[in-house]
Amino acid sequence: IDMIDKIVTRGYLKRLDNIIQWQERDVFNKESVSQHSFKVSVFTRVLLDDVFGDSHDFQVERFKLDCVTHAIFHDWDEAIFLRDVSHSIKYNEFNGQDVRNAIDDYVNHEFSKEFENLDEQDRVAYETLRKSIVNVDPQVKIVVKVADWLALLFFCRRELALGNKNFTATYKYCRQGLFKAAANLANMAAEYFNIDSGNFLNSINKLIL
């Protein structure tokens with residue numbers, strides 16, 4: 001299948017192994033995008049059980065599958081953009097949104113160009129990949145964002161435990177981001193799935209104290 005061939009023979013997975021996060025800082029335990037993405041996927045899977053439980057509702061189960069799929073591919077754009085972009089650039093108060101929009105536009109263009117001219121069978125796989133990378137459901141993003149913050153919290157704590165003070169401010173910023181993201185997830189779960197996430201929020205609050 002041409003879609004599988006593109007992923008196996010092109011450089012995407014190699015790049016995700018080779019792109020190291022936080023290259024602008026001294027880091028004791030360097031982490032590749034692949035390593036980070038694995039942690040985000042694990043946290044996403046655990047989060048879904050914590051918030052949604054063992055549901056037999058098709059809509060909920062489909063949503064959970066979309067979340068895990070997006071978690072796996074959530075930083076795939078860096079394999080197209082060819083590098084990691086630091087939080088301080090992507091989320092700066094001056095033009096962080098413009099930076100993110102420009103990166104998204106570029107990745108969308110390159111992704112469409114790379115996977116054009118597929119046959120009908122591969123088109124299904126293409127649409128699934130596209131839905132997980134460049135055309136993601138906003139509710140799915142909310143879940144995976146919490147997992148992304150949890151992965152950063154894990155990373156910061158490990159660096160701080162090793163004596164790396166370079167991540168002191170980032171850890172504080174991460175705790176604030178995780179708190180806001182968790183609140184967004186609780187609100188979304190209540191609005192779209194009628195789920196009370198009080199226990200989940202209590203767990204997050206204990207984690208960031």
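Which residues line the second largest pocket? The points below take this up along with the rest of the predicted model.

1. **Second largest pocket.** The lining is made of Tyr91, Ile142, Lys145, Trp149, Tyr173, Gln176, Gly177, Lys180, Ala181 and Asn184. About 260 Å³ of space lies inside. Helices α9 and α10 (168-193) each supply at least two of the lining residues. The largest share, 6 residues, comes from α10. By class, the lining divides into 5 nonpolar, 3 polar and 2 charged residues.

2. **Largest pocket.** This one holds about 1,000 Å³ of space. Its lining counts 37 residues, and His74, Asp77, Lys90, Tyr91 and Lys145 lie nearest the centre. Two or more lining residues come from each of α5 (77-81), α6 (87-90), α7 (96-114) and α9 (138-161). Helix α9 gives the largest share, with 9 residues. The class count is 15 nonpolar, 10 polar and 12 charged. Note Tyr91 and Lys145: they are among the residues nearest the centre of the largest pocket, and they also line the second largest pocket.

3. **Helix α3.** Does the length of this helix agree or disagree with its residue count? It agrees: 20 residues (33-52) at 1.5 Å a residue should span 28 Å, and the end C-alpha atoms are 28 Å apart. The buried residues of α3 are Val33, His36, Ser37, Lys39, Val40, Ser41, Thr44, Leu47, Leu48, Val51 and Phe52. An α-helix has 3.6 residues a turn, so residues three or four places apart point the same way. The cover over the buried residues of α3 includes α2 (12-18), α4 (58-73), α5, α9, α10 and α11 (198-208). After the helix comes Gly53, with a positive phi near 70°.

4. In soluble globular proteins, nonpolar side chains tend to be buried together. Here the largest nonpolar core has 38 residues, and Phe52, Phe63, Val146, Leu178 and Phe200 touch the most other members. At least two residues of this core come from each of α3, α4, α9, α10 and α11. Helix α9 gives the most, 12 residues. Leaving aside neighbours within four places in sequence, Phe63 is in contact with Phe52, Gln139, Val140, Val143, Met188 and Phe193. A second, separate core has 18 residues, including Tyr12, Ala79, Ile80 and Leu118.

5. **Ile133.** This residue is found in helix α8 (residues 120-133). With a relative accessible area of 14%, Ile133 falls under the 20% cut-off and therefore counts as buried. Which residues does Ile133 contact, leaving aside its neighbours within four places in sequence? They are Phe73, Trp76, Asp77 and Phe111. Trp76 is 57 residues from Ile133 along the chain, yet their C-alpha atoms are separated by 6.8 Å. Asp77 is also one of the residues nearest the centre of the largest pocket.

6. **Positive phi at Trp22 and Leu82.** Neither residue is glycine. Trp22 has a phi of about 55° and lies in the loop between α2 and α3. Leu82 has a phi near 75° and sits in the loop between α5 and α6. Is each side of this pair buried or exposed? Trp22 is at 7% relative accessibility, so Trp22 counts as buried. Leu82 has a relative accessible area of 56%, over the 50% cut-off, so Leu82 is exposed.

Note on methods. Residues are numbered from 1 along each chain as its sequence is written. This is a predicted model: local features need pLDDT of at least 70, side-chain atom pairs count only at pLDDT 80 or more; totals for chains, interfaces and linings use all residues. Side-chain values use heavy atoms; hydrogens and water are left out. On a 1 Å grid over the protein atoms alone, a cavity is a set of points where a 1.4 Å probe fits but cannot get out, and a pocket is an open set with protein on both sides within 12 Å along at least five of seven lines; lining residues have an atom within 4 Å of a point. Grid points are joined across faces, edges and corners, and a volume is the space filled by probe spheres set on the points. Helices (H or I, at least four residues) and strands (E, at least two) are DSSP runs, numbered from the N terminus. Ala, Val, Leu, Ile, Met, Phe, Trp, Tyr, Cys and Pro count as nonpolar, Asp, Glu, Lys and Arg as charged, and the others, Gly among them, as polar. The expected span of a helix is 1.5 Å times one less than its number of residues. Buried means under 20% relative accessible area, exposed over 50%, partly exposed in between (1.4 Å probe, protein chains only). Contact means heavy atoms within 4.5 Å. A nonpolar core is a set of buried Ala, Val, Leu, Ile, Met, Phe, Trp, Tyr and Cys residues joined through side-chain atoms within 4.5 Å.
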